[in-house]
2 protein chains.
Amino acid sequence: MKTRILALDIGGTKLAAAVFEKNEIVTRARKPTLAERGPDAVFERITSLLETLLAKTETRASDIACIGVGCGGPLDSETGVIYSPPNLPGWNAYPLKQKLEARFRVPAYVENDANAAALAEFHFGAGQGHRNIFYITASTGIGSGIILDGRLYRGTNFSAGEFGHIVLARNGPVCNCGGIGCLEALASGTAIARRAMKEAARLPRSLLAKAAAKNGRLSARDVAAAARAGDPAARRIFCDAATYLGLGITSVIHLLNPEIVIIGGGLSETGPLLFEPIREVVRKRAQRHLAEFVKIVPSELGKSVGLYGALAVTENRNGELR
Amino acid sequence: MKTRILALDIGGTKLAAAVFEKNEIVTRARKPTLAERGPDAVFERITSLLETLLAKTETRASDIACIGVGCGGPLDSETGVIYSPPNLPGWNAYPLKQKLEARFRVPAYVENDANAAALAEFHFGAGQGHRNIFYITASTGIGSGIILDGRLYRGTNFSAGEFGHIVLARNGPVCNCGGIGCLEALASGTAIARRAMKEAARLPRSLLAKAAAKNGRLSARDVAAAARAGDPAARRIFCDAATYLGLGITSVIHLLNPEIVIIGGGLSETGPLLFEPIREVVRKRAQRHLAEFVKIVPSELGKSVGLYGALAVTENRNGELR
């Protein structure tokens, strides 16, 4: 009986995998990606990770229905070919679907990680029962996955959902993408950390400066901790980033009129520090009939969104093919 | 034989209607809306306009397949009830579909005018052959209609496509909607005219000032004419508005990855004055694989987009119901 599904979450830093049965994790495991070793070496690490899980759960080849994969884009989710994601050096037109299918002899479905996470919340998390969902992943970068009329919207060449690169300032900071004033350059974990390092240098007696001295650097998590401890510069930086996120969400609400905006990724773990300014901005700036209507909530699946995302990809593809 | 379709475009200023057969206009007519007289008086004007067309074309009741309507929103396109559009005073929960069906005894389909125009370009204009279309109407206000994966996307409560109210400046001008820094407050015909009046007062010897003195006021059309005649302030104002439109389109390209962006409405008639700065901004600010790919073009249906929109609404609803 093909009752088990293999779920695989390929990140630039870690690989995570799980065996699912009836939408429950039977067992899970992770290991470092070691992306710098190139795609073939990473593929070997993936197969050994999956095989370890299969052995541990006594899953036979005949028990496996399919494999679901979430992976950094750009990628073509029809063919399952990966096109040079920034976090996976050397994956130039890498035929991941084909390689997995040849190795495990079951169908494999590949989706970009933000889309997979949106599907995860839609099928198993905060998005259940909703048809129009805007899922935001806010961590070092900012991305999104869009469910409209109950279906994943991928865009013309699988590139929809680049929420981090909407423009919020005509003359803003330069973004990694080459753009100017992108949301990601104003509100990502990287942007928060960069501003905090400047403030730490300017204010040597601040909590931020102490944290920077202790760790040698600052992360958005450090800035959140300093903000919670009452550091005024840290609070200002965090509130500012959240305000820009709120302005971006205001634009999305006007453009797409979603029922629910779900925020996942590392930044979302900071809770009210992030969500209060966002909700305030939306309340103040969006048209009332839209602002009152839309829910803005944290991811329900949290750190498991990657694995549930990979599972949801198989659910989605089976739905699309039915 | 039910081969004829009645198309009705309800604007705040004028009513336009046509009899279509095989997607061609048999005859068309228009008259002032006189919206200030309230919904019942306007409805009488609508029925007499349609009856005149029916008589003129010798169309019998049994020849009419259905009625398509484009109307200012907000409205519920399932029930065909209109909810207080700003340009139709007194239309509070006005059951337009029901009234038309009772009067003409054929199905009536009602859609908001920006959605109808997007459908018109999709079925009959610049969007033919494309599946992901972002249609912008840029005139006194700015709106949009969104076709994704070959289907009209209406949003959760029929309010998607408020492109005029995406946020482009954290501390920008106050918008009619109560928001701050909305695209509409920066780039609409109204915003262009407002800025031009200020410049005319500041520069009494400019072409702008002369046009203002002659007409008693300035429209975006006057500003475009002065820009074409070489007036530097007029050029600056127009280019600035087009730049903001380009920034908004850049955001949409990142978020929705459309194949084509189609711009209609009065502002689009200014041609290169509008399109050149827009295309330059997108080329400079959007990610290259998206910017090179997307077409940004004027509406093909031009001033007929309202009537073809009403026709396309019937096409779309029949497609959705099939």
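Buried means under 20% relative accessible area, exposed means over 50%, and partly exposed is in between (1.4 Å probe, protein chains only). This is a predicted model, where local features need pLDDT of at least 70, side-chain atom pairs count only at pLDDT 80 or more, and totals for chains, interfaces and linings use all residues. Residues are numbered from 1 along each chain as its sequence is written, chains are lettered from A and ligands numbered from 1 in the order in which they are written, and side-chain values use heavy atoms, with hydrogens and water left out.

**Exercise 1. A:Glu199 and its two arginines**

Task: work out which side chains A:Glu199 bridges to, and where they lie.

Solution. 
- Step 1: start inside the helix. A:Glu199 forms a salt bridge with A:Arg202 (3.0 Å, N to O), and the two are three residues apart in helix 5 (residues 189-202) of chain A.
- Step 2: go further along the chain. A:Arg236 also bridges to A:Glu199, at 2.8 Å from N to O. A:Arg236 lies in helix 8 of chain A and A:Glu199 in helix 5, so this pair ties together parts that are 37 residues apart in sequence.
- Step 3: A:Glu199 is buried at 12% relative accessible area, A:Arg202 is exposed at 54%, and A:Arg236 is partly exposed at 43%.
- Step 4: zoom out. Over all chains, the whole structure has 26 salt bridges.

**Exercise 2. The interface of chains A and B**

Task: describe what chain A and chain B bring to their contact.

Solution. 
- Step 1: count residues. With contact meaning heavy atoms within 4.5 Å, chain A gives 46 residues and chain B gives 46 residues.
- Step 2: get the area. About 3900 Å² is buried between the chains, and carbon and sulfur atoms give 51% of that. Buried area here is the accessible area (1.4 Å probe) that two parts lose on being put together, summed over both. A:Arg170, A:Leu255 and A:Arg285 supply 21% of the area that chain A buries against chain B, more than any other three residues.
- Step 3: look for charges. Two salt bridges cross the interface. A:Arg170 meets B:Asp240 in a salt bridge at 2.7 Å, N to O, and A:Arg170, B:Arg195 and B:Asp240 are linked in a network of salt bridges.
- Step 4: find the top contributor. Helix 8 of chain A gives the most to the side of chain A that touches chain B, with 10 residues.

**Exercise 3. The nonpolar core**

Task: which residues have the most contacts inside the largest nonpolar core?

Solution. 
- Step 1: define the set. A nonpolar core is a set of buried Ala, Val, Leu, Ile, Met, Phe, Trp, Tyr and Cys residues joined through side-chain atoms within 4.5 Å.
- Step 2: The largest one has 113 residues, and A:Phe163 and B:Phe163 have the most contacts inside it.
- Step 3: check the neighbours. Leaving aside residues within four places in sequence, B:Phe163 is in contact with A:Leu255 from the other chain's letter, and with residues including B:Phe134, B:Leu183 and B:Val252.

**Exercise 4. A tryptophan in a loop**

Task: is A:Trp91 buried or exposed?

Solution. 
- Step 1: locate A:Trp91, in the loop between strand 6 (81-83) and strand 7 (92-95) of chain A.
- Step 2: check the number. Its relative accessible area is 0%, so A:Trp91 is buried.
- Step 3: list contacts. Beyond four places in sequence, A:Trp91 touches, among others, A:Ile10, A:Pro39, A:Val42 and A:Leu96.

Key: A salt bridge is a side-chain nitrogen of Lys or Arg within 4 Å of a carboxyl oxygen of Asp or Glu. Helices (H or I, at least four residues) and strands (E, at least two) are DSSP runs, numbered from the N terminus.
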